[in-house]
2 protein chains.
Amino acid sequence: MEHKNPIQVAGRLFGALEFLAETGSAGLMEVSAALDLNKTTAHRVLNSLIYMGYARQNAVNGRYESTFKVVDVANRIMGMVDIVQIVRPYLRKLMEATGETVHFVERDGIDAVYIDKVESLSNGIQMVSRIGSRIPLYCSGVGKAMVAEMDEWEIEEIWNNSEIIRLTPYTITDHDDFKAELEEIRERGYALDNEENETGVRCIACSLKEPMGSARHAFSISAPVSRMDNDRIRELADSALKVREEIAEKLRS
Amino acid sequence: MEHKNPIQVAGRLFGALEFLAETGSAGLMEVSAALDLNKTTAHRVLNSLIYMGYARQNAVNGRYESTFKVVDVANRIMGMVDIVQIVRPYLRKLMEATGETVHFVERDGIDAVYIDKVESLSNGIQMVSRIGSRIPLYCSGVGKAMVAEMDEWEIEEIWNNSEIIRLTPYTITDHDDFKAELEEIRERGYALDNEENETGVRCIACSLKEPMGSARHAFSISAPVSRMDNDRIRELADSALKVREEIAEKLRS
DNA sequence: CTGTTTATTTCATATTATGGAACTAATTTT
DNA sequence: AAAATTAGTTCCATAATATGAAATAAACAG
């Protein structure tokens, strides 16, 4: 535990909000139990959230639930991220060309954060990704695509700070394998996630190089293995690389 | 002022977070000034947000900025709103058929809250709508579409509780005009927003009737007046009504 | 180098959050 | 139908926590 929250209630307030966001709705006692709070405290915390408009009490069953206010705050934040607005049309085109779900991420430390998503129209399976959620760099297509562009020392730092876990039988957990993989990515120009993060899902990923400094963004095409044999991979990679070039051009202008 | 926040810091914490979301980034003194806080307090509040992962301090310039954590929380909330997942494919189809931006809202008191949006590909102008943001029922297409389905007493209540403001020269501010408008909507089956909320933008809106009780959701097609003459309105209204029927069928199953 | 602004740390104090207890309302059991 | 259980709300004395003045440090401008 790295020190402690300089404001105790803060943890309780945001904890309650997160709990409501996860559960959809909860009674006072549930919140009280989940956050290990005295019920009076839980009651006060919830009423504070209600006062500020972040929560409400359901009129019919009295249960507490979150409002859309935090959604508004979130979309204010996303509205400031210019790269999303610029890149989205290209990602949409890529989804339409391939018929598969396309993701867009931004690097944050040893993780990538999903900042946009264009879902496949004909999706049988739903991707579990969520805008704002994180995925480790070391075991994701988008992550590896960005890491491949980095300096040796930064790659080492990421590998050493990452908690290497075998998420699936295909997850790369050996340092040498990882470095070999990165070399392959550099040669090919795109990264491949062969069920390394989630069983049954393959991704093709490209990073966007910054004018200077290492890559901060990447996009990927995700599809179930059943639609991703070697031929399809080559086909999709072509589309991805073309789009990557188009975006690069747009960013230069 | 309706009483006061049962937890004083709560207002400061969320105020700081909202401020960072609005400005993109801010120095300590800016936060301190904006929220009228002692700089020590501002510092502690910001550090609490950082501790919880909702904010960070930019490594190069030391300025405070929000992270994507609140975006994650927001999308957790949105993920629980099933109606969005169900309706989205239809709204997408509608956007593709019409080439115009489509919005989806949920009623909340005297407002509608945007809960989904499918943006036009060939958009010249950007709609200022934001997921999570609110629009009054009385002066919006989606709002009027829902109000038209309500009982007399509820319509009165909404009108009386709304702060009627002439947002544009076309905004309906007369009670009788409003009631006449609602009657027209009932006859036509769809609502029209003729620059009543934002100059230069016309909308066609349909509500989704609930199995029982009054309408809680509505969708709309928005376009600049230049692309919305009477002929186009009839054409778009046809598309909208057809999609409304398709959604209704899906919801019955 | 000097003055100025901004950020961080310290600490005594008072305000604020805390939780036990009492109370009410709703739901379930006997 | 009464009793018991559970959930939700209000009250209040107390302790713990957030507060802000002041001191210090760091960054920046002239």
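Predicted model: local features only at pLDDT ≥ 70, side-chain atom pairs only at ≥ 80, totals over all residues.
Residues are numbered from 1 along each chain as its sequence is written, chains are lettered from A and ligands numbered from 1 in the order in which they are written, and side-chain values use heavy atoms, with hydrogens and water left out.

DNA strand C is surrounded by 19 residues, of which Arg12(A), Asn38(A), Arg44(A), Gln8(B) and Tyr64(B) are the closest; a residue is taken as near a molecule or strand if one of its heavy atoms lies within 4 Å of it. Of the atoms of DNA strand C that come within 4 Å of the protein, 65% belong to sugar and phosphate. Polar contacts are pairs of N or O atoms within 3.5 Å; within protein, one atom must be able to donate a hydrogen and the other to accept it, and residues adjacent in sequence count only if both atoms are side-chain atoms. Phosphate oxygens of DNA strand C are approached by a side-chain N or O atom of Gln8(A) at 3.2 Å, by a polar side-chain atom of Thr41(A) at 2.8 Å, and by a backbone N or O atom of Met29(B) at 3.0 Å. Two or more residues of this surface come from each of α1 (8-23) and α3 (39-52) of chain A and α1 (8-23), α2 (28-34) and α3 (39-52) of chain B, where helices (H or I, at least four residues) and strands (E, at least two) are DSSP runs numbered from the N terminus. The surface near DNA strand C comprises seven nonpolar, nine polar and three charged residues; Ala, Val, Leu, Ile, Met, Phe, Trp, Tyr, Cys and Pro count as nonpolar, Asp, Glu, Lys and Arg as charged, and the others, Gly among them, as polar.

Around DNA strand D there are 19 residues, and those that come nearest are Gln8(A), Tyr64(A), Arg12(B), Asn38(B) and Arg44(B). Sugar and phosphate make up 64% of the atoms of DNA strand D that come within 4 Å of the protein. The elements contributing two or more residues here are α1, α2 (28-34) and α3 of chain A, together with α1 and α3 of chain B. By class, the surface near DNA strand D holds seven nonpolar, nine polar and three charged residues.

Over all chains, seven aromatic pairs are found, a pair being two rings of Phe, Tyr or Trp (its six-membered ring) with centres within 6.5 Å, and planes under 30 degrees apart counting as stacked, over 60 as edge-to-face and the rest as tilted. Tyr138(B) and Trp159(B) form an edge-to-face pair, because their ring centres are 6.3 Å apart and their planes stand at 85 degrees. This pair links distant parts of the chain, 21 residues apart, with Tyr138(B) in the loop between β6 (134-136) and α6 (141-147) and Trp159(B) in helix α7 (residues 152-161) of chain B. Trp159(B) also pairs with Phe178(B), at 4.7 Å between centres and 35 degrees between planes, so this pair is tilted; Phe178(B) lies in helix α8 (residues 175-188) of chain B, 19 residues from Trp159(B). Tyr138(B) is buried, as are Trp159(B), at 9% relative accessibility, and Phe178(B), at 0%; buried means under 20% relative accessible area, exposed over 50% and partly exposed in between (1.4 Å probe, protein chains only). Elsewhere, Phe14(A), Tyr54(A), Phe14(B) and Tyr54(B) form one aromatic cluster.

No disulfides, defined as pairs of cysteine sulfur atoms within 2.5 Å, are found over all chains. For Cys203(A), the nearest cysteine sulfur, that of Cys139(A), is 11 Å away, and Cys203(A) is buried at 10% relative accessibility. The sulfur of Cys206(B) is 12 Å from the closest cysteine sulfur, in Cys203(B), and therefore too far for a bond. Finally, Asp116(A), in strand β5 (residues 111-118) of chain A, is buried at 5% relative accessibility, and its side chain makes a polar contact of 3.0 Å with the side chain of Arg88(A).
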